[in-house]
Amino acid sequence: MSKLRLATLWLDGCSGCHMSLLDTDERLLELAAQMDIVYSPLVDTKQFPERVDVVCIEGAVSTEEDEARLRLVRQRSGLLIAMGDCAVTGNVPAMRNPLGAEAMLRAVYRESPVLAPQIPIEDLPRLHGHALPLHRFVPVDLFIPGCPPAADTLFAALAALIAGTADGLRLDTRFGA
Amino acid sequence: MSAPILTLTIDGRQVSGLASETVLQVAKENGIAIPTLCFLEGLSATGACRLCMVEIEGSPRLHPACVTPIQEGMTVTTDSKRLFGYRRAIVQLLFSERNHVCAVCVANGHCELQELARAFGIDHIAFPCRHPALEVDASHSRFVLDHNRCVLCTRCVRVCGEIEGAHTWDVKNRGIRIQIVADLDTPWGAAATCTGCGKCVHVCPTGALAEKGKSMAEMRQKRPFLPYLVANRAEERK
Amino acid sequence: MHREELAALAAEHQRHLDTFAHHIFVCAGLGCPGNEAIVAALRSEIAERQLQDRVLLRKAGCMGLCALGPIVLIQPGEIAYHTVSPDDAAEIVASLDREPVARLRLAPDLPFFARQHKNVLALSGRIDPEEIRDYIAAGGYAALCTALATMRPVDIVRCIQESGLRGRGGAGYPTGLKWATVAKAPGDKKYVICNGDEGDPGAFMDRSILESTPHAVLEGMIIAAYAVGASQGYIYVRAEYPLAIKRLRLAIREAERRNLLGHAICGLGFDFTLQLRLGAGAFVCGEETALIESIEGRRGIPRPRPPYPAEKGLWSSPTLINNVETYANIPRIVERGPAWFSALGTERSKGTKVFALTGKIRHAGLVEVPMGMNLREIIFDIGGGIPDGHAFKAVQTGGPSGGCIPAEFLDTPVSYESLNELGSIMGSGGMIVIDETSSMIDVVRYFMEFCMEESCGKCVPCRVGTAQVHRLLTRFLEHRATAADLAMLEDLCDLMKHASLCGLGQSAPNPVLSTLRYFRQEYLDRIVPAEPATEEQA
Amino acid sequence: MPAQESIESPPEDTRWQLVDRTMQRLDHRPEALIETLHAAQDAFGYLDSATLARIASRLRLPPAKVLGVATFYNHFRLKPKGEHTLSVCTGTACHIKGNDRILAWMRERYCLAPGDTTQDNRLSLVEVRCVGACALAPVILTDGAITGKKSFAETTTIIREWLDDAP
């Protein structure tokens, strides 16, 4: 049996979910025996592969670039997992939503005391008005709430995927866990 | 004079209760848990959150257990696929209504809304969130009110009016624009009627009302004070 | 005032009226703006020709055909003029003893009038609503005096029960049964309330009745109070109806002056006082328990039921609440007997019903027809059909709590049951005709916005559900919805219908559900395929 | 605090007489609140904090309750109105007959949303939920006077003439 091809993607999040994934410590070896991490901020690949079995996505969708990457990844992935509260609910990045992108940029780059007040635009993806969870854009197959989800939770989810028992999986986690 | 004792069936079990009791009370006395949010023992029941809805045989409608008096021979179902679906939807509607960010909330881990979501296996919010722009009132020297986290259960309004007798809090506007309000829409710290007793803070099911200086997950409400206070007062009056 | 005195007063006033050869009635309702100028022009014309002793000029209530107002009615002769302007005054007065003014005259056999069956509206436009003697001369307050003198309360309750009258405010609860419950409820103090908080946007039956025959409503209430044993009553009227309020105030004062209200009414041992309360713009106050909260001076938040107002209502006392049209039906039922009333209408929906016919319809206005008349007769025969060559698409009944009925059901006889079966409701009587130029989704979103703004905010399914459904409907309207949105829309409607606290939330999904039933294709046509569209960006 | 001030020194405004009379008529019972708010708005045009505070104190009601009631009902205004008021009926018949276009036009031409008043305090725009003259739809009210059965173009002309905003 070929190994499960796993990708992870980092959108608007703090990388805490990826850290939690690393916190599975020695169990990473167990996982590595049965899956290949083919794309991830943790590995070197630059291009998202044409096809992966599973993608775990951390972070909310906050920019045009986030959205484009998410849509591409959805097309190329069998199973899409929203990993952590930012991907599941918008969480902390979504706290700017009541304000809107423009007002937030103004507050941060112009109205707060900085040396050269200007809103950076060059080479930066344009912000969406709202930071939103993944399922507002593409279908999501599994939600793993938590900020971040505990290493045990992530391990349980991946182990279930490998074992083929992910359907109707109920994880011991909650928003803000 | 005591009320007559009635017998009824809840979830297939024969139980009995006083005629003056509600379905919720009798269920609780018999160890049958019905989810609630706006209800709090010691305060008047309002039937607002609709989480405690139950099915009653012979009635096409659903009935909020917290305000439905028991009747002789009634057959109550407190849990069904349908009720479960409605309860899940209601909790998700509440999450979608305002800006609930559990990860940074003072009540994280001690929040009734968060716990309801966990209990119902809600792993995401199906409805788009509304992201209203709401204020945080930090004008009080010891407490803070964050409208972003308020679920409008009105426990604070009721405890302030019914128990403390100050009636500092009420509800302004209507529909989706309702908000908890102090005095004449006065900043809490300037509300002349507030005694600063803090009862409202300790009945809040979420982190909307909290003690100042508490950080993430540090706000633990003292819940049991209320039934104790009510019982004690009744005793003193005798 | 005893029965004999009442009869004497009626006869005396009738003799006075009979001294005039001509009676000119000018519609002075809210729906006929400009009527003051017409009255003034007619008055000066009459004065100029020194006809004051021969011609009686009256400001009357609504004659129904608002689309062609202002209407002027000349009696005897039943000559009705339409779209009258002050410039027509001279010609009208000059024609009084001659041929009617042909260019202004409505055809005497116009189906709009000929096909109606007026009962509640029988005196509308034919008496001066600010003159109690007009009402008395037309037989008013006779039912009250007779009832008080010759009937026991229990007889009246039975009479209403036998008549089959059902509440005209919306749900169609049997009126007699409600009265019987209040009458039987234990308690020394009971109340009678008239719900005049006509909140359905697009309905004006109650406004018109209050403006045209306020005394009929008072008489119905006093009879009701006697029947259920109430000593105090309230009329709750929308503040948006200034003319109705003015005329009610006057009517209450006049009735008090003539001992038809107050202590020992009609010289018998029955006391009843009546107060007016103004609403302040809240649709939810049409809900009985919210209305009670409002009269008690609070936010109009519905209370959980039970207990029902009949057992525990205003100030926790047994309380009877009926709407304006229901009370206006009472005097005639008492006067003519239940059999007369129940002979009209269908098996389970008795009597006549007043409808406000508006929207894309030629003869917009107020009509009264027997229950059981079919929609086609009401809309096409009486209402004159759709103007400007457009086609009928749907008729909306019951307002924000009702539904949209498509053309294939135009031959349905109108009754509480038949409209329910079609997924709509009778409601208070609003009938809004929609032609093919309107999108049903726009109409439905309009109603959902209304419910969202009128929701009291107490219970979660209604407060948040209306907002979510409104957002979904906007997505459909803007061609941005997905198949998942359609499923979510249906789920939310189901939740609101079953889990909301009061009638407002429970019925708010009705316009959506009825259009999903009859105009589903309009929703499907607006669905974009595949993945969810980008969320709206702030 | 404004509430305190107004209780200590009741304004010697004769307009209060009407309001006081309403409270007296109902024995200063709590149920008098809505009637009193009506009377106060009739007298002062709107309900400011000092007015609400005084009513609360006279009727011995918690201030929060008075505010809750005043903000629940559409009819009560907590902000002053402009010299003139344009009310646009948004009942169902008026909606079907296109009054939403009038509201959009008001927004475009005068930058007014329902509930707003112009900067110079000249004009307030109000949305009314059905005045009950549905057969005249679409209906607008210029300072309370009803106009109906007019096309979009005719209505905008009427509004502009009424405001001396020559078309």
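This is a predicted model: local features need pLDDT of at least 70, side-chain atom pairs count only at pLDDT 80 or more; totals for chains, interfaces and linings use all residues.
**View 1. The open parallel sheet of chain A.** In chain A, 5 strands are arranged as an open sheet in the order β2-β1-β3-β5-β7, and their pairing is parallel. The edges of this sheet are taken by β2 (35-39) and β7 (142-144) of chain A, each of which has a single partner strand, so that one side of each is left without a neighbour in the sheet. On average, and with direction ignored, neighbouring strands of the sheet are turned by 25° against each other.

**View 2. The pairing of β1 with β2 in chain A.** Strand β1 of chain A, which covers residues 4-10, pairs with β2(A) in the parallel sense over 4 bridges. Within this pairing, L6(A) has I37(A) in β2(A) as its bridge partner.

**View 3. Helix α3 on the sheet of chain A.** Helix α3 of chain A, formed by residues 64-76, packs on the sheet and touches β1, β3 (52-58) and β5 (77-83) of chain A. The direction of helix α3 makes about 135° with that of β5(A).

**View 4. The fold of chain B.** Chain B contains 6 helices and 10 strands, and its C-alpha trace spans about 55 × 50 × 30 Å along the principal axes. The radius of gyration of chain B is 19 Å, which agrees with the value near 18 Å that a compact globule of 238 residues would have.

**View 5. Burial and contacts in chain B.** Of the 238 residues in chain B, 51% are buried. Among the contacts in chain B between residues at least 6 apart in sequence, 62% join residues that are at least 24 apart.

Conventions. Residues are numbered from 1 along each chain as its sequence is written. Chains are lettered from A and ligands numbered from 1 in the order in which they are written. Two strands pair if DSSP finds at least two bridges between them. Helices (H or I, at least four residues) and strands (E, at least two) are DSSP runs, numbered from the N terminus. Axes are lines fitted to C-alpha atoms, for helices over the stretch in contact, and angles run from 0 to 180 degrees between N-to-C directions. Two residues are in contact if their C-beta atoms, placed from the backbone, lie within 7 Å. The radius of gyration is taken over C-alpha atoms; the globule rule is 2.2 Å times the number of residues to the power 0.38. A residue is buried if 20 or more other C-beta atoms lie within 10 Å of its own, exposed if 12 or fewer, and partly exposed in between; C-beta atoms are placed from the backbone.
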